[in-house]
Amino acid sequence: MATSLIPLSSSFLQPLKFKTLAKPRTPPNLSTTRKIITTCDSQDKNTGASSNPSSRNPNFQKRRKSSKYGTSRRSILKKSFLQEQVTFTARVSEDPQVAIIGGGMAGLVCALNLEARGVKSTVFDTGIHGLGGRLGTRFVEPQGLVFDHAAQFFTADDSRFIQYVDGWLEKGLVREWKGAVGELEVGGSFTQFPSSSPPKYIAVNGMRSLADSLLLESRLANVVRPCWISKLEPLNGMWHLSENGTPRGQFDVIVIAHNGKCANRLLSASGLPLVAKQMKKLDLSSIWALLAAFNDPLPTVNFEGAFVKGIESLSWMGNNSAKLGNGGTPHCWTFFSTAAYGKQNKVPQENIPTVTSEKVKAGMLQGVEIALGLPEGSLPKPVYTRLQLWGAALPKNTPAVPCIFDPQGRAGICGDWLLGSNLESAAISGEALGNHIADYLQNSEADPEEFAIGLHDRPSPLAGHDIGQFPGLTSVGEKQEAEAYQLL
(Lines give C-alpha, C1' and ligand atoms only; values in the text may rest on other atoms or scores of the structure.)
Protein backbone atom coordinates (compact mmCIF):
# COMPACT_ATOMS: atom_id res chain seq x y z
CA MET A 1 0.00 0.00 0.00
CA ALA A 2 1.61 3.26 -1.08
CA THR A 3 1.95 6.01 1.44
CA SER A 4 -0.26 9.04 0.97
CA LEU A 5 2.00 12.06 0.86
CA ILE A 6 0.56 15.39 1.64
CA PRO A 7 1.17 19.15 0.05
CA LEU A 8 2.58 22.07 1.65
CA SER A 9 1.95 25.51 0.29
CA SER A 10 4.91 27.26 -1.30
CA SER A 11 4.44 29.90 1.37
CA PHE A 12 5.78 27.58 4.04
CA LEU A 13 8.93 29.66 4.37
CA GLN A 14 6.84 32.48 5.82
CA PRO A 15 5.95 32.61 9.53
CA LEU A 16 2.81 30.67 10.35
CA LYS A 17 -0.32 32.75 10.86
CA PHE A 18 -2.31 31.21 13.65
CA LYS A 19 -6.02 31.66 14.06
CA THR A 20 -7.28 32.37 17.54
CA LEU A 21 -8.77 29.25 19.02
CA ALA A 22 -11.85 29.42 21.18
CA LYS A 23 -11.18 28.41 24.76
CA PRO A 24 -12.87 25.15 25.76
CA ARG A 25 -16.02 25.51 27.78
CA THR A 26 -15.70 24.49 31.39
CA PRO A 27 -18.09 24.62 34.32
CA PRO A 28 -17.68 27.60 36.67
CA ASN A 29 -14.87 27.37 39.22
CA LEU A 30 -13.33 24.38 37.39
CA SER A 31 -9.66 24.86 36.57
CA THR A 32 -8.67 23.65 33.11
CA THR A 33 -5.12 22.90 34.16
CA ARG A 34 -4.21 21.25 37.43
CA LYS A 35 -0.58 21.30 38.56
CA ILE A 36 0.72 18.56 40.82
CA ILE A 37 4.18 18.41 42.33
CA THR A 38 5.80 15.18 41.10
CA THR A 39 9.25 13.97 42.05
CA CYS A 40 10.95 12.02 39.27
CA ASP A 41 14.00 10.99 41.31
CA SER A 42 14.18 7.24 41.72
CA GLN A 43 15.02 7.84 45.39
CA ASP A 44 11.99 9.99 46.14
CA LYS A 45 10.04 7.23 47.87
CA ASN A 46 12.68 6.95 50.56
CA THR A 47 13.41 10.58 51.29
CA GLY A 48 10.36 11.43 53.34
CA ALA A 49 10.84 15.06 52.30
CA SER A 50 7.84 17.30 51.96
CA SER A 51 6.50 17.81 48.43
CA ASN A 52 5.68 21.45 49.19
CA PRO A 53 8.51 23.69 47.90
CA SER A 54 7.59 26.54 50.24
CA SER A 55 7.99 24.30 53.29
CA ARG A 56 11.58 23.63 52.28
CA ASN A 57 12.39 27.23 51.40
CA PRO A 58 10.64 30.09 53.29
CA ASN A 59 11.80 32.56 50.63
CA PHE A 60 10.39 30.52 47.76
CA GLN A 61 7.47 32.87 47.09
CA LYS A 62 9.82 35.83 46.63
CA ARG A 63 11.58 34.03 43.79
CA ARG A 64 8.49 33.16 41.77
CA LYS A 65 8.59 34.49 38.23
CA SER A 66 5.51 35.88 36.56
CA SER A 67 4.74 34.19 33.27
CA LYS A 68 4.08 36.19 30.14
CA TYR A 69 0.87 34.17 29.86
CA GLY A 70 -0.36 35.23 33.28
CA THR A 71 0.61 32.14 35.26
CA SER A 72 3.40 31.55 37.71
CA ARG A 73 5.85 28.66 38.05
CA ARG A 74 6.30 27.18 41.53
CA SER A 75 8.85 24.57 40.67
CA ILE A 76 12.60 24.74 41.15
CA LEU A 77 14.68 22.55 38.89
CA LYS A 78 17.04 20.42 40.89
CA LYS A 79 19.21 17.44 40.13
CA SER A 80 16.31 15.22 41.16
CA PHE A 81 14.26 16.73 38.28
CA LEU A 82 11.63 18.00 40.70
CA GLN A 83 9.01 19.95 38.79
CA GLU A 84 5.27 20.25 38.82
CA GLN A 85 3.22 17.83 36.73
CA VAL A 86 0.76 19.56 34.44
CA THR A 87 -2.60 17.80 34.34
CA PHE A 88 -5.16 19.04 31.83
CA THR A 89 -8.75 18.49 32.98
CA ALA A 90 -10.71 20.30 30.25
CA ARG A 91 -11.87 18.53 27.12
CA VAL A 92 -9.71 19.03 24.08
CA SER A 93 -10.85 21.49 21.43
CA GLU A 94 -13.49 20.42 18.92
CA ASP A 95 -10.87 21.00 16.21
CA PRO A 96 -7.68 19.87 18.01
CA GLN A 97 -4.24 21.09 16.98
CA VAL A 98 -0.99 19.22 17.54
CA ALA A 99 2.44 20.90 17.68
CA ILE A 100 5.34 18.75 16.48
CA ILE A 101 8.73 20.13 17.49
CA GLY A 102 11.27 18.64 15.12
CA GLY A 103 11.06 18.07 11.37
CA GLY A 104 13.07 14.88 10.97
CA MET A 105 11.68 11.56 9.75
CA ALA A 106 9.83 10.79 13.01
CA GLY A 107 8.13 14.18 13.25
CA LEU A 108 7.14 14.24 9.59
CA VAL A 109 5.68 10.73 9.63
CA CYS A 110 3.82 11.63 12.83
CA ALA A 111 2.23 14.56 10.95
CA LEU A 112 1.36 12.28 8.02
CA ASN A 113 -0.46 9.84 10.26
CA LEU A 114 -2.29 12.57 12.15
CA GLU A 115 -3.48 13.90 8.79
CA ALA A 116 -4.67 10.44 7.80
CA ARG A 117 -6.80 10.46 10.96
CA GLY A 118 -8.14 13.97 10.30
CA VAL A 119 -6.03 15.78 12.92
CA LYS A 120 -4.30 19.08 12.16
CA SER A 121 -0.66 19.63 13.06
CA THR A 122 2.12 22.18 12.79
CA VAL A 123 5.73 21.06 12.43
CA PHE A 124 8.32 23.44 13.90
CA ASP A 125 11.87 22.92 12.66
CA THR A 126 15.14 24.80 13.12
CA GLY A 127 16.36 24.08 9.58
CA ILE A 128 17.37 27.19 7.67
CA HIS A 129 17.65 25.50 4.29
CA GLY A 130 15.13 22.70 4.71
CA LEU A 131 13.67 19.97 6.90
CA GLY A 132 15.17 16.62 7.68
CA GLY A 133 17.11 16.37 10.93
CA ARG A 134 19.57 13.57 10.15
CA LEU A 135 18.30 13.61 6.57
CA GLY A 136 20.80 16.37 5.94
CA THR A 137 22.23 17.48 2.58
CA ARG A 138 24.60 20.39 2.07
CA PHE A 139 24.70 22.24 -1.23
CA VAL A 140 27.75 24.44 -1.85
CA GLU A 141 27.40 27.14 -4.48
CA PRO A 142 28.63 28.32 -6.92
CA GLN A 143 30.80 25.20 -7.15
CA GLY A 144 27.73 22.95 -7.33
CA LEU A 145 28.98 20.61 -4.61
CA VAL A 146 26.49 18.23 -2.97
CA PHE A 147 27.12 16.27 0.23
CA ASP A 148 24.85 14.02 2.27
CA HIS A 149 26.37 14.93 5.62
CA ALA A 150 24.24 12.81 7.95
CA ALA A 151 22.26 9.71 6.87
CA GLN A 152 24.07 8.09 3.92
CA PHE A 153 21.48 5.50 2.91
CA PHE A 154 18.83 3.31 4.51
CA THR A 155 17.40 -0.17 4.32
CA ALA A 156 13.86 -1.43 4.90
CA ASP A 157 13.07 -4.58 6.86
CA ASP A 158 9.79 -3.90 8.67
CA SER A 159 6.62 -4.29 6.57
CA ARG A 160 5.24 -0.98 7.86
CA PHE A 161 8.32 0.91 6.70
CA ILE A 162 8.42 -0.99 3.41
CA GLN A 163 4.98 0.49 2.62
CA TYR A 164 6.41 4.00 2.97
CA VAL A 165 9.44 3.15 0.84
CA ASP A 166 7.23 1.65 -1.87
CA GLY A 167 5.27 4.89 -1.98
CA TRP A 168 8.43 6.97 -2.21
CA LEU A 169 9.74 4.75 -5.02
CA GLU A 170 6.49 5.16 -6.90
CA LYS A 171 6.67 8.94 -6.60
CA GLY A 172 10.33 9.05 -7.62
CA LEU A 173 11.51 10.41 -4.28
CA VAL A 174 13.98 7.60 -3.62
CA ARG A 175 15.79 4.96 -5.65
CA GLU A 176 17.92 1.93 -4.98
CA TRP A 177 21.64 2.59 -4.62
CA LYS A 178 23.22 0.15 -7.06
CA GLY A 179 26.84 1.24 -6.53
CA ALA A 180 29.45 -0.89 -4.80
CA VAL A 181 29.05 -0.64 -1.02
CA GLY A 182 30.85 -2.83 1.48
CA GLU A 183 33.62 -2.95 4.06
CA LEU A 184 37.14 -1.56 3.77
CA GLU A 185 40.03 -3.04 5.70
CA VAL A 186 43.26 -1.16 6.47
CA GLY A 187 45.47 -1.14 3.40
CA GLY A 188 42.72 -0.86 0.79
CA SER A 189 41.15 -4.33 0.92
CA PHE A 190 37.50 -3.78 -0.05
CA THR A 191 34.78 -6.44 0.16
CA GLN A 192 31.42 -5.65 -1.38
CA PHE A 193 28.20 -6.69 0.32
CA PRO A 194 26.76 -9.74 -1.47
CA SER A 195 23.93 -9.41 -3.95
CA SER A 196 21.67 -11.18 -1.46
CA SER A 197 21.89 -8.17 0.86
CA PRO A 198 18.76 -6.05 1.23
CA PRO A 199 18.35 -3.08 -1.14
CA LYS A 200 20.05 0.15 -0.10
CA TYR A 201 17.96 3.27 -0.70
CA ILE A 202 18.90 6.92 -1.21
CA ALA A 203 16.91 10.05 -1.96
CA VAL A 204 17.29 11.04 -5.61
CA ASN A 205 18.50 14.60 -4.98
CA GLY A 206 20.21 14.15 -1.65
CA MET A 207 18.64 12.88 1.55
CA ARG A 208 17.15 16.25 2.49
CA SER A 209 14.99 16.20 -0.63
CA LEU A 210 13.04 13.27 0.81
CA ALA A 211 12.25 15.16 4.00
CA ASP A 212 11.27 18.30 2.10
CA SER A 213 8.88 16.25 -0.07
CA LEU A 214 6.94 14.36 2.61
CA LEU A 215 4.44 17.10 3.44
CA LEU A 216 4.27 18.78 0.03
CA GLU A 217 0.71 17.55 -0.58
CA SER A 218 -0.57 18.12 2.95
CA ARG A 219 -3.87 19.81 3.67
CA LEU A 220 -3.83 19.48 7.46
CA ALA A 221 -0.12 19.78 8.28
CA ASN A 222 1.69 23.10 8.27
CA VAL A 223 5.42 23.78 8.59
CA VAL A 224 7.18 26.66 10.31
CA ARG A 225 10.92 27.02 9.79
CA PRO A 226 13.41 28.15 10.75
CA CYS A 227 11.94 28.24 14.23
CA TRP A 228 13.54 27.30 17.55
CA ILE A 229 10.81 26.66 20.11
CA SER A 230 12.32 27.74 23.41
CA LYS A 231 9.41 27.51 25.85
CA LEU A 232 6.33 25.40 26.53
CA GLU A 233 3.68 26.97 28.76
CA PRO A 234 0.40 25.33 29.88
CA LEU A 235 -2.59 27.66 30.24
CA ASN A 236 -6.35 27.16 30.13
CA GLY A 237 -6.21 23.65 28.75
CA MET A 238 -3.75 24.46 25.97
CA TRP A 239 -0.02 24.43 25.37
CA HIS A 240 1.38 27.87 24.46
CA LEU A 241 4.60 27.72 22.47
CA SER A 242 7.07 30.56 22.11
CA GLU A 243 10.39 31.28 20.43
CA ASN A 244 12.57 33.59 22.52
CA GLY A 245 9.50 35.44 23.80
CA THR A 246 7.61 35.45 20.49
CA PRO A 247 4.34 33.46 20.69
CA ARG A 248 4.10 30.62 18.17
CA GLY A 249 0.57 29.44 18.82
CA GLN A 250 -1.69 27.39 21.08
CA PHE A 251 -2.03 23.62 20.82
CA ASP A 252 -3.97 20.81 22.46
CA VAL A 253 -1.11 18.29 22.26
CA ILE A 254 2.65 18.65 21.85
CA VAL A 255 5.14 16.22 20.34
CA ILE A 256 8.88 16.33 20.99
CA ALA A 257 10.46 14.89 17.84
CA HIS A 258 14.08 15.81 18.51
CA ASN A 259 16.56 15.00 21.26
CA GLY A 260 19.82 16.03 22.87
CA LYS A 261 20.53 19.00 25.10
CA CYS A 262 18.02 21.25 23.32
CA ALA A 263 15.17 18.85 24.00
CA ASN A 264 16.32 18.37 27.59
CA ARG A 265 16.43 22.12 28.12
CA LEU A 266 12.96 22.56 26.63
CA LEU A 267 11.48 19.85 28.85
CA SER A 268 13.37 20.77 32.02
CA ALA A 269 10.74 23.27 33.21
CA SER A 270 7.79 22.19 31.09
CA GLY A 271 5.63 20.57 33.74
CA LEU A 272 6.25 17.15 32.21
CA PRO A 273 8.59 15.45 34.69
CA LEU A 274 7.94 11.90 33.52
CA VAL A 275 8.52 12.78 29.88
CA ALA A 276 11.60 14.83 30.79
CA LYS A 277 13.04 11.97 32.82
CA GLN A 278 12.69 9.53 29.94
CA MET A 279 14.37 11.95 27.54
CA LYS A 280 17.17 12.52 30.03
CA LYS A 281 17.99 8.80 30.02
CA LEU A 282 18.99 8.93 26.35
CA ASP A 283 22.72 8.52 25.78
CA LEU A 284 24.02 9.90 22.48
CA SER A 285 27.30 9.47 20.62
CA SER A 286 29.37 12.21 19.02
CA ILE A 287 30.60 11.88 15.44
CA TRP A 288 32.83 14.12 13.32
CA ALA A 289 31.78 14.61 9.69
CA LEU A 290 34.33 15.84 7.17
CA LEU A 291 33.06 16.96 3.78
CA ALA A 292 35.83 17.07 1.19
CA ALA A 293 35.89 17.70 -2.57
CA PHE A 294 38.77 16.54 -4.77
CA ASN A 295 39.50 17.49 -8.37
CA ASP A 296 40.82 14.01 -9.10
CA PRO A 297 39.42 10.59 -8.16
CA LEU A 298 40.87 9.10 -4.99
CA PRO A 299 43.59 6.54 -5.82
CA THR A 300 42.80 2.81 -5.58
CA VAL A 301 39.09 3.41 -4.90
CA ASN A 302 36.77 0.83 -6.48
CA PHE A 303 33.64 1.54 -4.44
CA GLU A 304 31.05 4.24 -3.77
CA GLY A 305 30.59 3.65 -0.06
CA ALA A 306 32.52 1.73 2.58
CA PHE A 307 32.33 0.99 6.29
CA VAL A 308 35.94 1.38 7.40
CA LYS A 309 37.35 -1.10 9.88
CA GLY A 310 40.34 -0.76 12.17
CA ILE A 311 40.88 3.01 12.02
CA GLU A 312 39.79 5.13 14.98
CA SER A 313 39.52 8.40 13.05
CA LEU A 314 37.39 6.92 10.27
CA SER A 315 34.28 4.72 10.23
CA TRP A 316 32.71 5.55 6.86
CA MET A 317 33.62 7.08 3.51
CA GLY A 318 31.08 7.73 0.77
CA ASN A 319 31.36 9.23 -2.71
CA ASN A 320 28.36 11.55 -3.02
CA SER A 321 29.11 12.42 -6.64
CA ALA A 322 29.00 8.79 -7.73
CA LYS A 323 26.05 7.92 -5.49
CA LEU A 324 23.86 10.78 -6.71
CA GLY A 325 24.96 10.46 -10.32
CA ASN A 326 26.61 13.88 -10.41
CA GLY A 327 29.42 12.95 -12.77
CA GLY A 328 32.47 15.05 -13.45
CA THR A 329 34.50 17.02 -10.96
CA PRO A 330 34.96 17.80 -8.18
CA HIS A 331 34.45 14.45 -6.46
CA CYS A 332 32.48 15.07 -3.25
CA TRP A 333 33.20 12.71 -0.34
CA THR A 334 31.67 12.40 3.12
CA PHE A 335 33.93 10.96 5.83
CA PHE A 336 32.69 10.02 9.32
CA SER A 337 34.82 9.38 12.38
CA THR A 338 34.18 6.63 14.90
CA ALA A 339 32.19 7.42 18.04
CA ALA A 340 35.35 6.85 20.09
CA TYR A 341 37.23 9.48 18.08
CA GLY A 342 34.29 11.85 18.45
CA LYS A 343 34.30 11.40 22.21
CA GLN A 344 38.07 11.93 22.46
CA ASN A 345 37.88 15.18 20.51
CA LYS A 346 34.50 16.49 21.63
CA VAL A 347 34.16 20.26 21.97
CA PRO A 348 31.14 22.61 21.93
CA GLN A 349 29.79 22.06 18.43
CA GLU A 350 28.57 25.65 18.20
CA ASN A 351 32.12 26.98 18.61
CA ILE A 352 34.79 24.54 17.47
CA PRO A 353 38.31 25.82 18.31
CA THR A 354 40.57 26.18 15.29
CA VAL A 355 43.24 23.98 16.83
CA THR A 356 40.71 21.17 17.28
CA SER A 357 39.34 21.62 13.79
CA GLU A 358 42.77 21.36 12.21
CA LYS A 359 43.73 18.38 14.34
CA VAL A 360 40.56 16.43 13.55
CA LYS A 361 40.68 17.23 9.84
CA ALA A 362 44.29 16.11 9.58
CA GLY A 363 43.56 12.97 11.57
CA MET A 364 40.60 12.00 9.40
CA LEU A 365 42.45 12.62 6.11
CA GLN A 366 45.34 10.56 7.43
CA GLY A 367 42.80 7.84 8.23
CA VAL A 368 41.68 7.93 4.59
CA GLU A 369 45.26 7.40 3.46
CA ILE A 370 45.73 4.43 5.80
CA ALA A 371 42.39 2.90 4.84
CA LEU A 372 43.24 3.09 1.13
CA GLY A 373 46.79 1.85 1.68
CA LEU A 374 48.36 5.02 0.28
CA PRO A 375 51.87 6.26 1.15
CA GLU A 376 51.90 8.99 3.79
CA GLY A 377 51.24 12.40 2.28
CA SER A 378 50.12 11.04 -1.10
CA LEU A 379 46.38 11.70 -0.72
CA PRO A 380 45.34 14.45 -3.17
CA LYS A 381 44.75 17.78 -1.48
CA PRO A 382 41.04 18.60 -1.30
CA VAL A 383 39.86 21.80 -3.00
CA TYR A 384 37.06 22.18 -0.46
CA THR A 385 36.59 20.97 3.12
CA ARG A 386 34.03 21.54 5.81
CA LEU A 387 34.18 19.95 9.24
CA GLN A 388 31.11 19.41 11.39
CA LEU A 389 30.65 17.84 14.79
CA TRP A 390 27.43 15.96 15.35
CA GLY A 391 27.49 16.37 19.13
CA ALA A 392 24.27 14.38 19.54
CA ALA A 393 24.75 12.03 16.63
CA LEU A 394 23.16 8.66 17.32
CA PRO A 395 21.49 6.87 20.27
CA LYS A 396 23.55 4.42 22.30
CA ASN A 397 20.60 3.04 24.27
CA THR A 398 16.87 2.50 23.77
CA PRO A 399 13.78 1.78 25.91
CA ALA A 400 12.44 -0.38 23.03
CA VAL A 401 9.00 1.25 22.96
CA PRO A 402 7.42 2.73 19.82
CA CYS A 403 6.62 6.06 21.43
CA ILE A 404 6.13 7.89 24.73
CA PHE A 405 2.90 9.62 25.70
CA ASP A 406 1.77 11.40 28.87
CA PRO A 407 -2.04 11.71 28.69
CA GLN A 408 -2.24 13.97 31.75
CA GLY A 409 0.10 16.51 30.17
CA ARG A 410 -1.00 15.74 26.62
CA ALA A 411 2.57 15.41 25.42
CA GLY A 412 4.54 12.73 23.60
CA ILE A 413 7.93 11.80 22.20
CA CYS A 414 8.79 10.06 18.94
CA GLY A 415 12.19 9.31 17.44
CA ASP A 416 14.41 6.52 16.17
CA TRP A 417 16.06 6.13 19.59
CA LEU A 418 12.89 4.66 21.06
CA LEU A 419 13.33 1.56 18.90
CA GLY A 420 16.78 1.66 17.32
CA SER A 421 19.16 3.89 15.40
CA ASN A 422 17.91 4.18 11.82
CA LEU A 423 15.33 5.79 9.56
CA GLU A 424 13.08 2.76 9.78
CA SER A 425 12.83 3.10 13.56
CA ALA A 426 12.16 6.84 13.21
CA ALA A 427 9.29 6.28 10.78
CA ILE A 428 7.72 3.50 12.83
CA SER A 429 7.94 5.65 15.98
CA GLY A 430 6.35 8.64 14.24
CA GLU A 431 3.57 6.47 12.88
CA ALA A 432 2.92 4.94 16.31
CA LEU A 433 2.70 8.29 18.09
CA GLY A 434 0.54 9.89 15.38
CA ASN A 435 -2.01 7.08 15.62
CA HIS A 436 -1.78 6.99 19.42
CA ILE A 437 -2.54 10.72 19.69
CA ALA A 438 -5.44 10.38 17.24
CA ASP A 439 -6.85 7.54 19.33
CA TYR A 440 -6.51 9.67 22.46
CA LEU A 441 -8.22 12.70 20.88
CA GLN A 442 -11.04 10.65 19.39
CA ASN A 443 -11.85 8.73 22.60
CA SER A 444 -12.62 11.57 24.98
CA GLU A 445 -14.79 9.40 27.27
CA ALA A 446 -12.01 6.91 27.98
CA ASP A 447 -9.81 7.07 31.07
CA PRO A 448 -6.75 9.16 30.07
CA GLU A 449 -4.45 6.80 31.95
CA GLU A 450 -5.29 4.09 29.42
CA PHE A 451 -3.22 6.08 26.92
CA ALA A 452 -0.07 6.36 29.03
CA ILE A 453 2.82 4.65 27.27
CA GLY A 454 6.59 4.46 27.70
CA LEU A 455 6.78 6.66 30.80
CA HIS A 456 8.61 4.15 32.98
CA ASP A 457 10.50 1.86 30.59
CA ARG A 458 14.21 1.55 31.24
CA PRO A 459 16.69 1.81 28.37
CA SER A 460 19.13 -0.93 27.42
CA PRO A 461 22.33 -0.69 25.36
CA LEU A 462 21.90 -0.39 21.61
CA ALA A 463 24.18 -2.20 19.19
CA GLY A 464 25.02 -0.98 15.70
CA HIS A 465 27.61 0.66 13.51
CA ASP A 466 29.11 4.02 14.40
CA ILE A 467 26.84 5.66 11.81
CA GLY A 468 23.70 3.74 12.80
CA GLN A 469 21.82 0.54 12.12
CA PHE A 470 20.86 -0.84 8.73
CA PRO A 471 18.15 -3.49 9.23
CA GLY A 472 18.83 -6.65 7.27
CA LEU A 473 22.36 -5.63 6.29
CA THR A 474 24.90 -8.01 7.84
CA SER A 475 28.60 -7.36 8.20
CA VAL A 476 30.64 -9.27 5.65
CA GLY A 477 32.72 -10.85 8.42
CA GLU A 478 29.64 -11.85 10.43
CA LYS A 479 28.02 -13.37 7.35
CA GLN A 480 31.13 -15.41 6.55
CA GLU A 481 31.30 -16.65 10.15
CA ALA A 482 27.62 -17.65 10.05
CA GLU A 483 28.07 -19.53 6.76
CA ALA A 484 31.15 -21.34 8.13
CA TYR A 485 29.19 -22.33 11.25
CA GLN A 486 26.37 -23.75 9.11
CA LEU A 487 28.87 -25.94 7.26
CA LEU A 488 30.10 -27.56 10.49
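Buried means under 20% relative accessible area, exposed means over 50%, and partly exposed lies in between (1.4 Å probe, protein chains only). The model is predicted: local features need pLDDT of at least 70, side-chain atom pairs count only at pLDDT 80 or more, and totals for chains, interfaces and linings use all residues. Residues are numbered from 1 along each chain as its sequence is written, and side-chain values use heavy atoms, with hydrogens and water left out.

**View 1. Aromatic rings around Phe 153.** Rings of Phe, Tyr and Trp (its six-membered ring) pair if their centres lie within 6.5 Å; planes under 30 degrees apart count as stacked, over 60 as edge-to-face and the rest as tilted. By this rule there are 20 aromatic pairs. Phe 153 and Phe 307 form an edge-to-face pair, because their ring centres are 6.2 Å apart and their planes stand at 75°. Phe 153 sits in the loop between strand E6 (145-148) and H4, while Phe 307 belongs to strand E17; the two are 154 residues apart. Phe 153 and Phe 307 are both buried. The rings of Phe 153 and Phe 470 are stacked, because their centres are 4.4 Å apart and their planes are at 20°. Phe 470 lies in the loop between E24 and helix H12 (476-487), 317 residues from Phe 153. Phe 153 has a relative accessible area of 3% and is therefore buried. Phe 470, at 13%, also counts as buried. Ring pairs join Phe 153, Trp 177, Phe 193, Phe 307, Trp 316 and Phe 470 into a cluster.

**View 2. The sheet of 7 strands.** Helices (H or I, at least four residues) and strands (E, at least two) are DSSP runs, numbered from the N terminus. Two strands pair if DSSP finds at least two bridges between them. This open sheet runs E9-E8-E17-E18-E19-E16-E20, with mixed pairing. Strand E9 (189-192) and strand E20 (384-390) each have a single partner strand, so one side of each lacks a neighbour in the sheet. Neighbouring strands are turned by 20° against each other on average, direction ignored. E17 (residues 305-308) and E18 (residues 316-319) pair in the antiparallel sense over 3 bridges. Gly 305 has Gly 318 in E18 as its bridge partner. Helix H10 (residues 354-372) packs on the sheet, and its direction makes about 70° with that of E16.

**View 3. Crossing of H4 and H11.** Axes are lines fitted to C-alpha atoms, for helices over the stretch in contact; angles run from 0 to 180 degrees between N-to-C directions. The axes of H4 (residues 159-170) and H11 (residues 423-441) come within 9 Å and cross at roughly 100°. Contact means heavy atoms within 4.5 Å. H4 contributes Arg 160, Phe 161 and Tyr 164; H11 contributes Leu 423, Glu 424, Ala 427, Ile 428 and Glu 431.

**View 4. The sheet of 3 strands.** This open sheet has the order E12-E13-E14, with antiparallel pairing. Its edge strands, E12 (231-235) and E14 (246-251), each pair on one side only. E13 (residues 238-243) and E14 pair over 5 bridges. Trp 239 stands opposite Phe 251 in E14.

**View 5. Surroundings of Ser 460.** Ser 460 lies in strand E24 (residues 460-461). Ser 460 counts as partly exposed because its relative accessibility is 35%. Ser 460 touches Lys 396, Asn 397 and Thr 398, leaving aside residues up to four places away in sequence.
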